[in-house]
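Dear colleague,

Please find below the structure that I am handing over to you, together with its sequence. My notes on the findings follow directly after it.

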Amino acid sequence: MPEAAVRIRDLRKTFGAVEAVAGVDLDIGDGEFFSMLGPSGSGKTTVLRLIAGFERPTAGTVELGGVDVTGLAPFDRDVNTVFQDYALFPHLDVLRNVEYGLKVRRVPRAARRERAVEALRSVRLDGLERRRPGELSGGQRQRVALARALVNEPRVLLLDEPLGALDLKLREEMQVELKSIQRRAGITFVFVTHDQEEALTLSDRVAVLDRGRVQQVGTPAEVYERPATGFVAGFVGTSNRVGDVCVRPEKLHVEIGDDLPGPPGGGRHALGTVAEVVYAGAVTRFVIDLDSGDRVVALQQNLRTSSTDVTRQRGARVRVGWEAAHEFRVPSDAVPASPAAPAS
Amino acid sequence: MTFSPAARIALRVLMGLGLAVIYVPLLVVLVNSVNADRAFGWPPSGFTGHWWTRAMDNDGARRAVLTSVKAGVGATAAALVLGTLAAFAVARHRFFGREAVSLVVVLPIALPGIVTGIALSNAFQVVLKPLGIGLGLFTVIVGHATFCVVTIYNNVLARLRRTGANLEEASADLGADTFQTFWYVTFPALRSALFAGALLSFALSFDEIIVTTFTAGPGAETLPIWIFNNLFRPNQAPVVNVLAAALIVLSIVPIYLAQRLSSASRGVT
Ligand SMILES: Nc1ncnc2c1ncn2[C@@H]1O[C@H](COP(=O)(O)OP(=O)(O)OP(=O)(O)O)[C@@H](O)[C@H]1O
Ligand SMILES: [Mg+2]
């Protein structure tokens, strides 16, 4: 493995009685798009602030490019941050905001102007150099924050829910853009989000955090298909418990009818009744009470069905099938926090 | 809220009366400063600029104005440094007794001036006299600074609370050291708050009389004290009137500016 851009060992941070980070180890590779995913209060921001140097850890070390920076101030660390609220300087125009990092590092005026203009072009903001942050839209501010960080060519860029304040459409646009900027610049991204879809689509690897601990680190596919703990299974996507195994909703195949033919060879199946059915445009969401007592959620693509058909299927008898390869097991002490917990 | 027409008229009359009680006497002072009648007979028999020229030529008055300006500038300068530091400590750091600081800083302006005056006068006698420092301009500045600090402290604290620490963090994140962060980010955000606080502070110092009485030696006669001393000398009455009128005009300007600055939502750059 190439030298880690960020290496964290047994990192801990307590605020009074709250243990925000409770022993975290992470190795983030050079040029990697690495996400930290977790519910509110799981310690994502605190880990980021520890990497940036805004907080001193209670214990543990932070290394950047193989150098221990645990005791260094933020301005002595080769990382830059895109803050959730952007934290643009309101009294400086866009160009001066972007130039700021170069100015305090005493880059000559002509050179820094050139680089700032270039950075603004790379986030498609040329022409807005003289605006104040107060005169920009949310998406434009987000880009300024990004340009302000990127212009310094940091080894590592930390992003704390950078798209959280944007509406859905803009967020999807910016996701694509972030990813392409990261690939072009070859910078390591440490990306914090509580949006699992965002984490899965953008990242090379994802760390799932809960209560200050890393629950699992892996590629999006690993985390989704083979969750290591019940928490991960419940937090990343929905999971159904069928007997003593779990299956994802989209892996279930629903067949409707009273006189179903025998089960296809090799697959698993169970019979049940449709308790609830919701038409959601591209997919239909079935909530099915299995005869075994488990309640499962199944997603079916609307290949042929339309909204008028599906609503008539409430109460219908169904057969639910899946493949053995799609089953996964999680430690039984932690039941997945599925919204479709068995009804009493 | 809605009022009946009668209640509305009554409220307007009451408000008019209230304002009249405050502002008519001030107006009288202004008019009298150009009243041609030596005994300030009313209505004025005519207008003259004579009293203003006489006031300008009055040595004692000129010296007093100068002393007051020096005291105001000195006290404001001290308050700027102390008030800003205290506000920073309270807004940006955690330490034992942080909540008590506000009380301690604000108390001097609430205490009766005579108490502060006596306390300071005693303290100066005990501490400064053995060092060979008598009552004078310096002690006046110290005395005024005790209550001027509040205006700076409150203005700066409010501004720091509103701007939060995240801009300073962003600055440090971009590589600025502590001094650069203060100069490029914190100070611009504070500038208008500091200016507003300084104007108020200067105005407070300029018209202070009670604490000044106890802390000024014979050599440091501020304008209010000079006015008070000359108030009952019939010979000086016209000059006193002119000075009072000048003070009214001079006080309105900084208060007006300070109010506009503190209500402006963003710092002036
Ligand atoms: N400065 C602080 N003082 C006290 N407690 C804090 C402080 N910062 C964070 N915490 C606590 O530490 C825990 C982790 O907070 P953190 O901000 O890291 O969570 P997060 O995962 O970023 O959550 P979110 O998704 O809501 O932003 C929380 O319980 C929080 O209340
Ligand atoms: Mg957070």
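How far is an oxygen atom of ligand 1 from an N or O atom in the side chain of T45(A)? The separation is 2.6 Å. Please bear in mind here, and throughout this message, that the model is predicted.

The surroundings of ligand 1

T45(A) belongs to a group of 13 residues around ligand 1, and it is listed with S40(A), G41(A), K44(A) and T46(A) as those that come nearest. For S40(A), a side-chain N or O atom is placed 2.5 Å from an oxygen atom of the ligand. E161(A) also takes part, with a polar side-chain atom 3.4 Å from an oxygen atom of ligand 1. On its own, ligand 1 has 630 Å² of accessible area, and the protein covers 62% of this.

With regard to secondary structure, β2 (18–29) and α1 (44–52) of chain A each contribute at least two residues to the shell around the ligand. The helix α1(A) gives the most, with three residues. Sorted by class, the shell comprises seven polar, four nonpolar and two charged residues.

The contact between chain B and chain A

The second topic is the interface between the two chains. Chain A supplies 24 residues to the contact and chain B supplies 19. The size of an interface is often expressed as the accessible area that is lost when the parts come together. For chain B and chain A, the buried area is about 1900 Å², of which 59% is on carbon and sulfur atoms.

How many salt bridges does the rule find across the interface of chain B and chain A? There is one. This salt bridge pairs R49(A) with E169(B), and the closest N and O atoms are 2.7 Å apart.

On the side of chain B that touches chain A, α7 (166–173) and α8 (178–206) of chain B each provide at least two residues. The greatest contribution to this side comes from α7(B), with seven residues. By class, this side of chain B has eight nonpolar, seven polar and four charged residues.

I would be grateful for your comments once you have examined the model.

With kind regards

Notes: Residues numbered from 1 in each chain as written. Chains lettered and ligands numbered in written order. Predicted model: local features only at pLDDT ≥ 70, side-chain atom pairs only at ≥ 80, totals over all residues. Heavy atoms only, no water. Contact = heavy atoms within 4.5 Å. Buried area = accessible area lost by both parts, 1.4 Å probe. Salt bridge = Lys/Arg side-chain N within 4 Å of Asp/Glu carboxyl O. Helix = DSSP H or I, 4+ residues; strand = E, 2+ residues; numbered from the N terminus. Nonpolar A, V, L, I, M, F, W, Y, C, P; charged D, E, K, R; others polar. Near = heavy atom within 4 Å. Polar contact = N/O pair within 3.5 Å; in protein donor to acceptor, adjacent residues only side chain to side chain. Areas by Shrake-Rupley, 256 points an atom, 1.4 Å probe, with all protein chains shown as cover.
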